[in-house]
Amino acid sequence: MNILVMQPRKNLTYAYFSSEQRTPLVRGQLDSYRVSVRENSRLVEELDLIRRRCEDAVLFEKPDALAIRVPYGGTEFPSHALVTAETLQRMEALIGFAPLHIPPIVTLIQCCQRVFPDLPVVLLFETAFFTALPRREYIYGLEANFTEKWALRRYGFNGLFHEAAYAYLAEQQTAENKRDRSQPYRVLSICLEPQPEIAAIVQNRAITVTSGVTPLEGLPGQTTCGELDSSIILTLAEKMNWGPEKINAVLTKESGLKGMAGSTIDWIDLFTSHASEVRQARDVVQYRFLLACGSSIAAMGGVDRLVFSGRYARMGDLLGSWLASRLPMINGDGPSAEPPWVCYPVTLDRIMVDKAAMMLLSLLARTC
Amino acid sequence: MCIETTTEIMNILVFNCGSSSLKYRLIEMPSERELAGGEAQRVGPKTSEPARIFHSVNGIVEEHRYEMPDHATAFDCVMGLLARDAKLTPHGLGHRLVHGGTLFQSPTWVDEVVLNQLDEVIDLAPLHNPPAIRLVKACQQRYPDLPQILVFDTAFHATIPDYARQYALPRALQDKLHIRKYGFHGISHQYVCTEAAQFLGLPMEQLTAVSCHLGSGGASLCAVREGCSIDNTMGFSPLQGLIMSTRCGDLDPSITLRLLDHVDGDFQSVETILNKKSGVLGLSGFSADIRDVINPSEEEHHKIARQATQLYLWRLRKYLGAYLAVTGKPHAVIFTDTIGETVPEVRWMVSSGMEAFGLRIDRQKNWHLETYPADIAASDSAIRILVIRTNEELAIARYSFATLRENLTLV
């Protein structure tokens with residue numbers, strides 16, 4: 001099966017895979033996506049170029065399906081979905097909750113349908129995995145009139161990574177027949193993306209996640225502040241005379257690793273640099289990770305495995321040994337030759353291809 | 001007053017100043033005997049009921065009505081009540097101050113310099129600091145010879161390391177506005193840790209513990225390593241952390257921004273929402289006291305009460321796990337203050353199923369608690385679980401006495 005995956009963010013990245021191969025046949029990005037999405041005809045032209053690149057890549061073969069990453073699906077999408085007229089209606093119903101994210105994706109889907117008529121389009125939602133969070137985890141300590149009116153609840157925003165990393169571990173465990181099946185399988189899942197996220201997963205259900213209503217809550221990111229005392233925001237409003245938009249810009253673009261280290265750095269710099277400001281930022285971040293791991297383990301009542309995913313998953317080897325030395329329960333029954341963590345360095349593109357292929361095959365099996 | 005004769009035995013008058021109340025206790029040191037105590041209520045602008053002082057000596061409580069437009073007047077009234085008995089003469093005053101900022105990191109003797117410095121920290125806790133500081137100044141004016149010691153709720157947390165103290169914000173902004181984790185409830189956390197160390201037969205400087213101060217109003221957890229605070233769930237202000245009676249605790253920053261936008265930037269009204277209308281009260285809609293919510297009397301409240309209780313306990317459990325992780329294998333988990341001392345359901349729900357951390361609670365010991373301090377851990381638990389009565393006034397008296405004695409000896 002040949003699948004084209006798309007990740008619309010500030011730009012649109014795409015990759016075309018034959019599901020038998022681990023590396024993409026074609027990959028690229030549309031830098032002008034945010035502009036062209038406002039002008040359907042231009043986006044259609046650009047998507048048509050992508051279509052031709054894909055068709056040229058494999059002789060006599062065309063794409064079989066399209067998968068699009070969607071950052072937010074609210075409670076409306078507790079699972080990934082195949083695009084139909086009804087799905088599109090449900091997407092439009094979400095616009096009020098994510099007015100910046102959803103409209104361009106609806107446009108993208110519509111343009112894709114013109115360029116790739118007859119092709120199944122799969123929507124993969126980053127929030128879907130977290131719609132099953134227990135209520136005690138997703139509610140906030142506020143009056144119901146705010147939480148209900150604004151549909152405030154906690155989500156995770158790296159659901160695709162967490163879901164895939166858990167599935168990988170569970171499969172591995174089953175294959176190696178290592179696990180006591182009478183006990184629930186508890187995984188501490190750390191996603192190392194520019195905005196990192198920790199989830200506690202028991203039997204394929206997320207029971208905690210560090211992100212909140214938005215990815216701003218939780219762990220500090222490359223430019224995002226993470227958890228904050230609300231009074232700090234009110235102090236910024238009072239003492240700096242800043243409005244919500246200005247504060248939001250500082251918290252989302254100037255904070256996190258950038259704010260602490262004084263320059264733009266990523267997770268590789270954070271874990272490998274010897275510069276003193278970076279080391280200080282690393283101390284803060286590692287400590288926050290340790291707190292979040294402790295919380296997650298308390299929530300699960302223990303832990304069976306630690307897994308790192310995300311584009312910086314390889315940094316898990318550095319972070320993992322630091323965490324394992326402080327969380328003895330991760331080591332299980334005793335010292336073993338293998339480290340007690342697993343790095344799952346699979347790209348999001350690849351995860352999307354596998355997920356979409358699995359969905360389409362099971363649909364096919366059902367219709368047959 | 002003759003200071004030389006008082007270095008052996010001193011009566012310390014401890015004040016705990018609320019926004020409209022003044023609690024006081026007269027404690028003889030070093031015997032720690034309580035000689036008198038009471039509370040001035042409805043201090044400030046007139047309310048529907050008269051301002052009054054409940055004054056207690058030897059367990060006999062008297063009610064006195066006075067006009068008390070401010071805390072200084074309330075102080076005069078308290079001094080008048082104590083003056084009726086020569087044995088109740090205070091030799092020193094101990095004040096609780098909620099926020100000492102970075103200026104005050106240990107108990108401090110009040111002098112001219114300190115009086116001026118207090119103006120720099122007055123705004124840090126807008127509800128609590130102003131009346132307390134005004135009271136200190138009034139005392140100094142009226143009784144310039146009576147020594148005054150200030151004990152700060154933030155001081156115990158001065159040892160929190162930078163990596164736990166810092167927020168992930170631009171450095172220049174943090175420096176400019178003094179944004180950092182200050183931590184609160186320090187007097188209580190330090191007091192119960194001292195008691196725990198004694199109970200376990202350890203010197204305080206060796207004690208590693210997680211202290212859970214669960215008040216009927218505010219609540220916080222404190223991670224303690226080798227006798228020093230290394231983290232507190234409250235942060236820059238007391239708003240962060242656990243779900244409290246009327247405070248929201250942790251919140252996505254985007255929610256605060258949305259609220260701010262909703263009220264056109266009126267930060268004071270957001271502050272009121274998050275501090276006064278959220279937490280247990282906001283969730284339940286009928287009570288700010290978690291005890292009412294755990295066991296609601298009205299049938300109609302059951303569902304909403306269960307949800308509020310679950311969130312309260314869940315947040316607590318997650319923070320306990322976080323602090324067990326950062327303290328390693330501590331000697332003890334300590335429960336204290338109204339909820340921590342008297343609500344076994346809370347202790348049970350938070351500490352059970354925590355064997356992964358080496359913590360195992362004993363059901364019987366937890367439910368049939370008769371004396372304090374008590375150890376409610378199972379005998380095979382690697383970590384003790386202690387229930388200890390906090391006594392912030394006694395702690396203030398101890399610090400005040402120690403500070404006075406030290407300084408007077410030097411003289």
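In this predicted model, the C-alpha centres of domain 1 and domain 2 of chain B are 29 Å apart. The domain assignment places domain 1 at residues 10–152 and domain 2 at residues 203–387 of chain B.

The secondary structure of chain B comprises 15 helices and 14 strands.

Eight of the strands of chain B build an open sheet with mixed pairing, and their order across the sheet is E5-E4-E3-E2-E1-E6-E8-E7. Strand E5 (60–65) and strand E7 (108–109) of chain B stand at the edges; each has a single partner strand, so one side of each is left without a neighbour in the sheet. At the E5 end, strand E4 (residues 52–57) of chain B runs antiparallel to E5(B), and six bridges join the two. One bridge can be followed residue by residue: Ile53(B) has His64(B) as its bridge partner in E5(B).

Attention now turns to the contact between the chains. Chain B contributes 57 residues to this contact and chain A contributes 60 residues. On the side of chain B that touches chain A, the elements giving two or more residues are helices H4 (162–165), H5 (171–177), H7 (253–262), H8 (267–276), H9 (279–284) and H11 (302–327) of chain B. Of these, H11(B) gives the most, with 14 residues. By residue class, the side of chain B that touches chain A consists of 32 nonpolar, 16 polar and nine charged residues.

Some backbone details also deserve a look. Most residues other than glycine have a negative phi, and most peptide bonds are trans. Against that background, two cis peptide bonds in chain B can be described. One joins Met29(B) and Pro30(B), with omega about 5°. Pro30(B) sits in the loop that connects strand E2 (22–29) with strand E3 (33–41) of chain B, and both of these strands take part in the open sheet described above. Another cis peptide bond joins Tyr372(B) and Pro373(B), where omega is about -10°. Pro373(B) belongs to the loop between helix H14 (363–367) and strand E13 (374–375) of chain B.

In chain A, Asp118(A) is a residue other than glycine with phi near 75°. Asp118(A) is part of the loop between helix H4 (102–115) and strand E6 (121–125) of chain A, and it counts as exposed because it has 6 C-beta neighbours inside 10 Å. In chain B, Glu226(B) is likewise not a glycine, yet has a positive phi of about 45°. The loop between strand E10 (219–225) and strand E11 (228–232) of chain B holds Glu226(B). Glu226(B) has 12 C-beta neighbours inside 10 Å and therefore counts as exposed, since that class covers residues with 12 or fewer.

Terms used
Residues are numbered from 1 along each chain as its sequence is written. Chains are lettered from A and ligands numbered from 1 in the order in which they are written. This is a predicted model: local features need pLDDT of at least 70, side-chain atom pairs count only at pLDDT 80 or more; totals for chains, interfaces and linings use all residues. Two strands pair if DSSP finds at least two bridges between them. Helices (H or I, at least four residues) and strands (E, at least two) are DSSP runs, numbered from the N terminus. Two residues are in contact if their C-beta atoms, placed from the backbone, lie within 7 Å. Ala, Val, Leu, Ile, Met, Phe, Trp, Tyr, Cys and Pro count as nonpolar, Asp, Glu, Lys and Arg as charged, and the others, Gly among them, as polar. Domain bounds come from an automatic or database domain assignment. A residue is buried if 20 or more other C-beta atoms lie within 10 Å of its own, exposed if 12 or fewer, and partly exposed in between; C-beta atoms are placed from the backbone.
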